[in-house]
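User: I have a structure open and want to learn how to read it. Can you take me through it feature by feature?

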Amino acid sequence: KEKEEIIAAVVAITTHEENISKAFNGFNELQERWKTIGRIPGDKHQDITSAYHAAVDNFYYHIRIYKDLKDFDLKKNLEHKREILERIKLLQGKENIKELEDAIKALQHEWFEMGPVPQDAYEALKTDFTAACDVIYAKIKAHFASLKEQLAENLQKKQSILDRAKNLIPAEIDNHKAWQKATEKI
């Protein structure tokens with residue numbers, strides 16, 4: 001009965017456990033229990049052993065499929081992230097800052113929504129991504145710094161015009177003709 005319970009538990013782990021670490025831990029515990037259980041009646045031995053080995057083979061088969069799918073998924077994510085990186089690099093030639101800003105934000109969102117990549121490619125890809133984004137953001141920052149400088153210059157020019165206008169108007173204007181003269185000066 002204990003061995004039949006172990007077989008059922010292996011089947012349950014294989015079909016229901018999604019966390020691979022938990023699955024392996026549970027599977028290893030079950031294997032240890034299997035080894036510690038003594039012998040069983042000879043007429044049941046062949047059937048129980050065959051069922052156990054079938055359940056174990058099925059477990060490893062599912063793990064292998066999981067690993068193959070995970071590897072495939074990691075490779076697809078890597079390809080997609082490389083495509084995103086190329087699209088970011090193409091943005092460097094874009095002149096419209098608003099479009100550039102919207103595009104980089106959308107690509108960054110797409111990047112971070114993408115799943116993981118193989119660990120051996122992660123650091124280099126992350127470094128390239130950060131560098132490419134830094135170039136774009138430097139361009140955006142330079143644009144806004146230039147814009148801020150231009151706004152400060154415009155403010156100074158307008159202040160100068162305002163000061164000159166104030167100096168053109170006499171302190172007291174008390175008739176229509178004086179108002180017309182002041183208006184013409186301004």
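Predicted model: local features only at pLDDT ≥ 70, side-chain atom pairs only at ≥ 80, totals over all residues.

User: Where is the place of P118? And is P118 buried or exposed?

Analyst: Locate the residue first, then look at its accessibility. P118 sits in the loop between α4 (97–113) and α5 (119–168). Its relative accessibility is 16%, and the cut-off for buried is under 20%, so P118 counts as buried.

User: Now a helix residue. Where does T14 lie, and what does T14 touch?

Analyst: Take the element, then the partners. T14 belongs to helix α1, which covers residues 2–16. Beyond the residues up to four places away in sequence, T14 touches A55, N58, F59 and H62. T14 is buried, with 12% relative accessible area.

User: What about Q156: buried or exposed?

Analyst: Q156 is at 58%, and exposed means over 50%, so Q156 counts as exposed. Q156 is found in helix α5. Q156 and V135 are 21 residues apart in sequence, and their C-alpha atoms are 32 Å apart in space.

User: How should I read helix α6? How many of its residues are buried?

Analyst: Count the buried residues against the length. Helix α6 spans residues 176–185, and of these 10 residues one is buried, so the helix lies largely in the open. Then inspect the start of the helix. There, a side-chain oxygen of N175 comes to within 3.2 Å of the backbone nitrogen of K177.

User: Step back to the chain. How many helices and strands does it have?

Analyst: The chain has six helices and zero strands. The radius of gyration is 37 Å, well over the 16 Å that the globule rule gives for 186 residues, so the chain is more spread out than a compact globule. Its C-alpha atoms fill a box of roughly 125 × 35 × 20 Å along the principal axes.

User: What share of the residues counts as buried, and what share of the contacts joins residues at least 24 apart?

Analyst: Read these as two separate totals. Of the 186 residues, 25% count as buried. Among contacts between residues at least 6 apart in sequence, 74% join residues at least 24 apart.

User: And the surface and charges?

Analyst: Take area, then charge. The chain exposes about 13,900 Å², and carbon and sulfur atoms supply 54% of that area. There are 30 positive and 32 negative charges, and their mean positions are 6 Å apart.

Definitions and conventions
Residues numbered from 1 in each chain as written. Heavy atoms only, no water. Helix = DSSP H or I, 4+ residues; strand = E, 2+ residues; numbered from the N terminus. Buried < 20%, exposed > 50% of the residue type's maximum accessible area, 1.4 Å probe, protein only. Contact = heavy atoms within 4.5 Å. Rg over C-alpha atoms; globule rule 2.2 N^0.38 Å. Areas by Shrake-Rupley, 256 points an atom, 1.4 Å probe, with all protein chains shown as cover. Lys, Arg positive; Asp, Glu negative; His and termini not counted. Charge placed at Lys NZ, Arg CZ, Asp CG, Glu CD. Polar contact = N/O pair within 3.5 Å; in protein donor to acceptor, adjacent residues only side chain to side chain.
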